[in-house]
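Hello,

Here is the structure I promised to pass on. Please have a look at it first; my notes follow below.

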Amino acid sequence: MGRVYIEHPGGSKIFSCGECCTPVTNRKSLISTRFTGATGRAFLFSSVVNLIYSSVQARMMLTGRHMVRDVSCKYCSAKLGWIYEFATDESQRYKEGCVILERALIVETDGIEEL
Amino acid sequence: MTLNHGAFIDILASWEDPHYGGASPPPRKKLKRTQGGVGCDESCSSGGGKTEESLGGTASMQHQTEVTNGASVPQLNGSSDGGSAVTVNGVKDETKKALKLDPINRDMVRLIGQHLANLGFQSTVEQLMAESGCRLDHPEARRFKSSVVEGDWQAAEAALLELQSMLNNTTHLTEMRFLILEQKYMELLERGDDIGALNCLRGEISPLDHNISRVHRLSSLIFYNNPAELKKATNWLGSGPESHMALMERLSAYLPPSVMLPPRRLERLVIQSVQHQVATCEFHNTSIEPLLKVDNLEGLSLSDVVVSSSCLLTDHHCGKEHFPSTCLYTVTEHMDEVLVAAFSPNGRYLATAGKDFSLLIWNVDNTTLKISKRHCLDGHNFSIVFLSWSHDSTKIIACMHEDASELIVWDAERGKQVCKVSDSTSDSLTCACWYKDNERFVCGGLRGQFYLCNLEGAVLERWEGVRVQSLAVHADGKTVLASDTHRRIRGYQLETVQDYSILQEDHGIMTFSLDTTGRFALLNVTTQGLHLWDLNSRTLVRRFRGATQKHCTIHSCFGGINQDFIASGSEDHKVYIWHRNQELPVAVLSGHQLPVNCVTWNPVQPSMLVSVSDDRTIRIWGPSQTNRLNRDADAASTSGGLSDGDDDEPDSPRASNFQFPHSLISGLDISSH
């Protein structure tokens, strides 16, 4: 596939893919930690990089019916979580456009001091 | 035939009468006669008896002279133009009226007249002006011009005052007078007439109250004793006709064109038109153009600037003889995906590298466009993702994958390792570029390393806080341009620890390269195509469409004569070539089976382009007829007037590699494909 182009979100604490350590997002984009995924705890982030999105599916969750896309690492294609595209409930609207990454599938590392 | 002299004289006398064209019998007779023409004699003899008709002989000759006047004859009868018939015996030209011309054509005739006058055809010009009823210049202007050329300053001033009413601007008048007086002053100085010069300065130049600093400078010139020094100090041509002509050209800039034509106007229009043709020529890739590249056309004539006269007769239009349009051959030497390729700055070597951990250096023959393997450099433990040649083409840096933590500098001629840079095992050095001194280089990576190193592999300077994705060195030799993960390109001076921002993009910058002037940067922006930025004004100049680049890192480059073209690889397996001034590609080259990662254009041989791809091949692209490679010899005969499309041989398998995206290009005049 040639040399896959990897972006870097920057920041002081970086979350990366558990399999290949490709940087995905950082602490600054973290919105909430009180989510649950298939493997347990999951975090909600506002902006992410280096991910590929699947086709949209309708899913029934604890909080209601949502349209979601599964999200995988661009480099190694490991599944990392999902993105909310549409929430049927008005109270769940805040999640739209944000990405859930399961805590067990990502690693947190320190970033560098950036200009 | 009897001739009655008395009646004959009467008839003649009445012809002199301006009111002749009345209802009296003779006009009708005349009509009969003119209609009869030569046969008049016969009617005279057969008619018989009438004295007027018997005027056969000489009278008919008179008529015949009238008849031969052609168009004016029918008008004679019944119209007051009888007067003009009388003057038939006088000057013929005055009956011919000046041709009526509309203003545009009048100006055209004036331009042509000016050009002919410059060439020396004085009598032709006079006749042209007489026939067309135009005049080249206003008579006052002509008088002014001749007095300036002769050096008669008094007459020049007088003529100038006459022209005053025609000038647009009163300051122009002062400036022109200043110029004339300046010349007069300089000539007086040259002759040694210091008193006269002083008088001129005090009495004529100073009262004008114009350009005081120049007046001071002029007054200082009085101290020069000898004319040669004077000329040298002021770059003045001396008081010859050359100097007067030059002065006249400067003065004519102030006169409106209706009064005096701008000098050599027709020639300038022709030069502009040829320049335009060259600029819009899509495949223009030759060094011998129809025009010599000159920045300032002042004082140059047509023959100085235009090299080949064929471009005057037909529009200049290059075919693809010098443009890489077909795949000449394919080299399959690499064992895995080839990620990068680069020509050395002297065009003699080509380096290719990729995932098979080896760096191949090839010798390039610039006349046959063949490459042959020179070195196979091993010693890398990871795939090579970036190459950078030193400016003297002796050394090359191979940067590896993120996890490699080191980079290797090779001597390209001998094939030996010069040094390795490995500061720490957690480093990532994925890009590099050389300083102009070829002794030091900068390298950096995504983990925040940004080092200045020397040829021993020692780190001289470090810059913290930037995740560098691509590097290039600025034309000034001291500043390094780096694109980083925040989608910016910034300039860094590592020795003086200074940095400044240059540009900001909205999407990730994958790679970028600079052209040889260092003024323009070509960026591969993910999902957005190629962006051309002007680094001096820090603005986006143009976006180039067509190539796909979302997933993989694709490299692009400038190329061609004067770096007029831009080439890039693409994820859709094709090589795209754009002309720098157009958004849509001028050529799309297909042949690779997998995404094309990198293209590089030979800096010395503008018809040669190399592309490398995931399909493990290196493809060399060149003009479709390789025997036309001698660009200097053939360009003179082939430039101008060739229709494109004639070059693609229909039977050769290579020809099918060339593809014109008709859907992308509209309005292109292609005869084949």
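**Where the chains meet**

Across the interface of chain B and chain A, 11 residue pairs are in polar contact, with both residues at pLDDT 80 or more. On the side of chain B that touches chain A, the classes are 8 nonpolar, 12 polar and 11 charged residues. Please keep in mind that this is a predicted model.

The contact involves 31 residues of chain B and 17 residues of chain A. Together the two chains bury about 2,100 Å². Carbon and sulfur atoms account for 49% of that area.

How many salt bridges are there between chain B and chain A? The count is 1. E7(A) and R487(B) form a salt bridge through their side chains. The N to O distance there is 3.1 Å.

**Cavities**

The structure has 2 cavities of 30 Å³ or more. I looked at the second largest cavity, with a volume of about 40 Å³. Which residues line the second largest cavity? From chain A comes R3(A). From chain B come L339(B), V340(B), V385(B), T553(B), H555(B) and N597(B). By class, this lining has 3 nonpolar, 3 polar and 1 charged residues.

**Confidence**

The model scores ipTM 0.83 and pTM 0.68. Chain B has a mean pLDDT of 76. In chain B, 75% of residues reach 70 or more.

Over residues 15-95 of chain B, pLDDT stays under 50. The model gives that stretch 62 contacts beyond four places in sequence. Residues 630-673 of chain B also stay under 50. For residues 630-673 the model has 84 contacts beyond four places in sequence. Where pLDDT is low, predicted coordinates should not be read in detail.

Over to you.

Best wishes

Methods:
Residues are numbered from 1 along each chain as its sequence is written. Chains are lettered from A and ligands numbered from 1 in the order in which they are written. Side-chain values use heavy atoms; hydrogens and water are left out. On a 1 Å grid over the protein atoms alone, a cavity is a set of points where a 1.4 Å probe fits but cannot get out, and a pocket is an open set with protein on both sides within 12 Å along at least five of seven lines; lining residues have an atom within 4 Å of a point. Grid points are joined across faces, edges and corners, and a volume is the space filled by probe spheres set on the points. Ala, Val, Leu, Ile, Met, Phe, Trp, Tyr, Cys and Pro count as nonpolar, Asp, Glu, Lys and Arg as charged, and the others, Gly among them, as polar. Contact means heavy atoms within 4.5 Å. Buried area is the accessible area (1.4 Å probe) that two parts lose on being put together, summed over both. A salt bridge is a side-chain nitrogen of Lys or Arg within 4 Å of a carboxyl oxygen of Asp or Glu. A polar contact is a pair of N or O atoms within 3.5 Å; within protein, one must be able to donate a hydrogen and the other to accept it, and residues adjacent in sequence count only if both atoms are side-chain atoms. pLDDT is the predictor's confidence in each residue, from 0 to 100.
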